[in-house]
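Please read the briefing below alongside the sequence and the structure. The points are grouped by topic, beginning with the confidence of the prediction.

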Amino acid sequence: MNLRTIEERLRREHDLPDDFVFWAWECFPSGSLTLYVEFRGGQCPRIMRGRRAGRPNYRKVANKRVFNVPVTDADRWEDDYERDTGKCRQCRGSRQELSKINFVTDTTEYRTCSQCKGSGKMRPGNSTNQGGLNHEHENRVGG
Ligand SMILES: [Zn+2]
């Protein structure tokens with residue numbers, strides 16, 4: 001799952017303002033197969049100066065919100081993304097996927113995308129229209 005694809009869809013569907021920032025994601029139920037992913041965020045002004053200029057100022061957050069996205073919805077949204085863009089759902093065309101994030105040292109590492117093997121393109125036969133691999137979740141959780 002590419003969190004950005006889900007975030008963009010949440011932005012559209014809930015008409016979130018430009019300064020709305022997502023800062024936390026958690027899979028539920030914990031310790032077993034994920035049924036839904038919780039997205040948390042809120043409206044944050046930007047930091048104006050210093051090394052972190054332009055980044056969200058989480059200390060001044062307002063209008064916090066929580067969204068619970070069933071994995072079945074996330075799958076369908078990623079199917080939509082691939083169908084609309086023709087790009088790989090995992091790396092969104094960047095050909096790389098996240099390997100490591102360290103918030104203490106503020107470093108992020110990437111590796112070649114495991115889904116598309118670095119092509120950046122959607123796998124043939126992977127879309128819902130063609131009855132692809134991600135079609136087994138027919139029953140929606142919650143509704
Ligand atoms: Zn990829």
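In this predicted model, the mean pLDDT among the elements of the protein chain is lowest for strand 4 (residues 96-102), at 90, and highest for strand 3 (residues 62-70), at 97. Over the protein chain the mean pLDDT is 87, and 87% of the residues reach 70 or more. The stretch of residues 127-143 should be read with that scale in mind, as pLDDT stays under 50 there.

**Confidence**

- For residues 127-143, where pLDDT stays under 50, the model has 23 contacts beyond four places in sequence.
- Strand 3, which has the highest mean pLDDT among the elements, is also one of the three strands of the open sheet described next.

**The open sheet**

- Three strands form an open sheet in the order 1-2-3, and their pairing is antiparallel.
- Strand 1 and strand 3 are the edge strands of this sheet, each of them pairing on one side only.
- Neighbouring strands of the sheet are turned against each other by 20 degrees on average, when direction is ignored.
- Strand 2 (residues 36-43) pairs with strand 3 in the antiparallel sense over seven bridges, and Tyr-36 stands opposite Pro-70 in strand 3.
- Ala-24 belongs to strand 1 (residues 20-28), and this residue counts as exposed because it has 9 C-beta neighbours inside 10 Å, where the cut-off for exposed is 12 or fewer.
- The C-alpha atom of Ala-24 is separated by 9.5 Å from that of Val-66, although the two residues are 42 residues apart along the chain.

- Two packed helices are described by the angle between their axes and the distance between the axes.
- The axes of helix 1 (residues 3-14) and helix 2 (residues 71-85) come within 10 Å of each other and cross at roughly 95 degrees, which means that helix 1 is roughly perpendicular to helix 2, as angles of 65 to 115 degrees are counted in that class.
- On the side of helix 1 the contact involves Thr-5, Ile-6 and Arg-9, which meet Ala-74, Trp-77, Glu-78 and Tyr-81 in helix 2.
- The residues of this contact between helix 1 and helix 2 divide into four nonpolar, one polar and two charged.
- Helix 1 lies across strand 1, strand 2 and strand 3, and runs at about 60 degrees to strand 2.
- Helix 2 lies across strand 2 and strand 3, and runs at about 90 degrees to strand 3.

**Backbone geometry to check**

- Most residues other than glycine have a negative phi, and most peptide bonds are trans.
- The peptide bond from Phe-28 to Pro-29 is cis, with omega near -10 degrees, and Pro-29 is found in the loop between strand 1 and strand 2.
- Asp-106, a residue other than glycine, has a positive phi near 60 degrees, and Asp-106 lies in the loop between strand 4 and strand 5 (107-112).
- Asp-106 counts as exposed because 9 C-beta neighbours lie inside 10 Å.
- Lys-117 has a positive phi of about 55 degrees although it is not a glycine, and Lys-117 is placed in the segment after strand 5.
- Lys-117 has 12 C-beta neighbours inside 10 Å and therefore counts as exposed, given that 12 or fewer is the cut-off.

Methods
Residues are numbered from 1 along each chain as its sequence is written. This is a predicted model: local features need pLDDT of at least 70, side-chain atom pairs count only at pLDDT 80 or more; totals for chains, interfaces and linings use all residues. pLDDT is the predictor's confidence in each residue, from 0 to 100. Helices (H or I, at least four residues) and strands (E, at least two) are DSSP runs, numbered from the N terminus. Two residues are in contact if their C-beta atoms, placed from the backbone, lie within 7 Å. A residue is buried if 20 or more other C-beta atoms lie within 10 Å of its own, exposed if 12 or fewer, and partly exposed in between; C-beta atoms are placed from the backbone. Axes are lines fitted to C-alpha atoms, for helices over the stretch in contact, and angles run from 0 to 180 degrees between N-to-C directions. Angles under 35 degrees count as roughly parallel, over 145 as roughly antiparallel, 65 to 115 as roughly perpendicular and the rest as oblique. Ala, Val, Leu, Ile, Met, Phe, Trp, Tyr, Cys and Pro count as nonpolar, Asp, Glu, Lys and Arg as charged, and the others, Gly among them, as polar. Two strands pair if DSSP finds at least two bridges between them.
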